[in-house]
2 protein chains.
Amino acid sequence: MPGPIQSLSRAAAIMRLLAGGERRLGLSEVATALDLAKGTAHGILRTLQQEGFVEQDPESGKYQLGAELLRLGQSYLDVHELRARALVWADDLARAAGETVYLGVLHQQGVLIVHHVFRPDDTRQVLEVGSMQPLHSTALGKVLVAYDPVARGELGDGPYESYTLRTLTEASDLDAECALIRERGWADSIEETWEGVASIGALIQDRRRNPVGAVCISGAVERVCEDGFVKPSLVASVRSAARAISRDLGAGRF
Amino acid sequence: MPGPIQSLSRAAAIMRLLAGGERRLGLSEVATALDLAKGTAHGILRTLQQEGFVEQDPESGKYQLGAELLRLGQSYLDVHELRARALVWADDLARAAGETVYLGVLHQQGVLIVHHVFRPDDTRQVLEVGSMQPLHSTALGKVLVAYDPVARGELGDGPYESYTLRTLTEASDLDAECALIRERGWADSIEETWEGVASIGALIQDRRRNPVGAVCISGAVERVCEDGFVKPSLVASVRSAARAISRDLGAGRF
DNA sequence: CCACTGCGGTCGACATTGTCGACCGCCTGT
DNA sequence: ACAGGCGGTCGACAATGTCGACCGCAGTGG
C-alpha cells in the first residue's frame, strides 16, 4: 500500500493551514481553501477536535490549533537525542561566548530551532524554540546547506528571498559560499537576515559523520564582529562546542 | 456523519503512544500495542512520516515523533489569545512577586502550561511550557477544578495519586477545599505536589465569566509561606494579575 | 556456516469507511 | 422579514483504508 492515507494527508493539510493563518478559520474557509466538500472537512475537523489537535471557539464556531499539539511538541523535544546531548554544551557555549546560542535541525525548507539559550545577563528575550529560520541567510542554515545534500536540495535554485542588502539571493553565490564553509569548517552570517545581527555556526554530525544539525551563536554585530569579520575567538568556541556535541552523540552508541 | 474518522483516531493514538514511551518504538511494537494489523500501522506511520509528524531512525527503523509537531505546537502558542494577552501581566507578576509564574489551561486530565516566566535572577531553570501538571494537587489545577465543571468532571471521584504527605487524595476533601477556594477566590498548594514548593493560583475568565485558565506563582515554601500559610501580599499580587488578564481578555472583544 | 526467528515493508482482495453534495436550522446584516 | 451566509447533518455510493499472508533482510544461536 505505497500510497499515503488520504484522510491523514488532508488532516495534516488542515492543521498546517490553521497554523499558517494567524486568525481562526471557519469550516467553509477550510473547505474551500483545500478544495474539500464541507462534509468531509467537517468530519476531519471533528475528529481532530476530539483528539485535541484542534479547538473550536464555541462562540464563533471557528477553528484553531489545539493544545495536544503543544504537548506532543514538547514530547518531541524530550525524546530528541541531539537536543538532550547538546543541552549542557550549549549552556557552556553561551556562557563562554556571552551570546545567545541556537541549536537547529533541518526541517522542510528551513532550520527548526530545537534549543535556545538566552544571552547571559541580557534583557528579557522571547524563546524561539519551535520557530523556523531561513536556510540561505543564517549561519545555521548555511552550515546545513553546505554539508547536507538534502538541505541543498530543499533550497532549490533561487533566487532566494532578500531580507537585507547583504542577503545572498543567487544560487551561484550561495554555492561558492558553501564551498568556503566546507573548506574552513564554519559558517557566518553578518546582517544577512536581520540588520545588526551576526551569527557564527558549525556542523554537528553523528557517529557516521552524517550531518544532523548545527549550533550557532548570534548577537549584535558590534560584539560579534571586529573590522568587518567575526571574531576568531568566537569561531573557536562555536567549533569546539560543535565538536563536543558530535563526540557526545557518537559516544551514546556504545 | 457523527462518527470519528477511524484512521485519524488511530493516527492520534499512535502519536500519543510515541509521546508516552521515552524510547523509540518499532513498527511491530506499535501494531501490537494498539491491536492493529502491521500493514495498517505501517500505512499510518508512513503517512505521518511524509507529513513530518513522525520520524524514522534510518538505522534501526524505529519511529519517534517528528519535528512538525514542534512547529505546530509553537503555532498554537502564537495564536493562543489568553497567552498573548497574559504575557506582559505575567512578566509584571514575576517581577513584583520575585517568583516563578505559570499560566495554565485545562487539557484532558491535567493543566497544560502555556506560559512560564522564570524567577528573576534565579539559577538556570528548564522551561516547562508544554508540560502538564496534575489537577488535584497544584494551585493551577485546584483553581480550575473549583471553577470549571469540566475540570471537576475530568478529575473523577478518586482516590487521586499521592505525591507527598500533604496531597489530597479523597474527592470529599478536595471538594471541600474547592468550596473554600470559591469562597475566598484563590487557591494554594503547599507541598502537595513537590516537597519544598508552594504555589498560589487564581482564576482567569473571559468576558462571559467562563473559566479559561489560571495563573500562579510558585516558589520555595520558605519564601512563599509564613507561619504555615501563604503570604497575603503574594495572594494579592496573584489575584490582581488574574483580574488584569481577565479584564484584558474582555476588552479584546470590543 | 547455516537454518531460524524476528524485524520492517509489500501486496492484493475485500468490505468497511470516508467521501460527496444536497439539505437543515440558525444567526446576522440589510 | 428576508436573503445569504454560517456550521452542521444525512444517506447513498464507491473509493478507500484495512487485513493477513507474504517477502527479503539482519541478527542469532546452534
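Biologist: How many nonpolar, polar and charged residues has the surface near DNA strand D?

Modeller: The surface near DNA strand D has 8 nonpolar, 13 polar and 4 charged residues, where Ala, Val, Leu, Ile, Met, Phe, Trp, Tyr, Cys and Pro count as nonpolar, Asp, Glu, Lys and Arg as charged, and the others, Gly among them, as polar. This is a predicted model, in which local features need pLDDT of at least 70 and side-chain atom pairs count only at pLDDT 80 or more, while totals for chains, interfaces and linings use all residues. Residues are numbered from 1 along each chain as its sequence is written, and chains are lettered from A and ligands numbered from 1 in the order in which they are written.

Biologist: Which residues are the closest to DNA strand D, and which helix gives the most to the surface?

Modeller: A residue is near a strand if its C-beta atom, placed from the backbone, lies within 6 Å of it; here 25 residues surround DNA strand D, the closest being Gln6(A), Gly26(A), Ser28(A), Gly39(B) and Thr40(B). With 5 residues, α3(B) gives the most, helices being DSSP runs of H or I with at least four residues, numbered from the N terminus.

Biologist: At what angle do the axes of α1(A) and α2(A) cross?

Modeller: Two packed helices are described by the angle between their axes and the distance between the axes. The axes of α1(A) and α2(A) cross at roughly 115° and come within 11 Å, with axes fitted to C-alpha atoms over the stretch in contact and angles running from 0 to 180 degrees between N-to-C directions. The contact (C-beta atoms, placed from the backbone, within 7 Å) joins Arg10(A), Ala13(A), Ile14(A) and Leu17(A) of α1(A) to Val30(A), Ala33(A) and Leu34(A) of α2(A), and its residues divide into 6 nonpolar, no polar and 1 charged.

How values were computed: Helix = DSSP H or I, 4+ residues; strand = E, 2+ residues; numbered from the N terminus. Contact = placed C-beta atoms within 7 Å.
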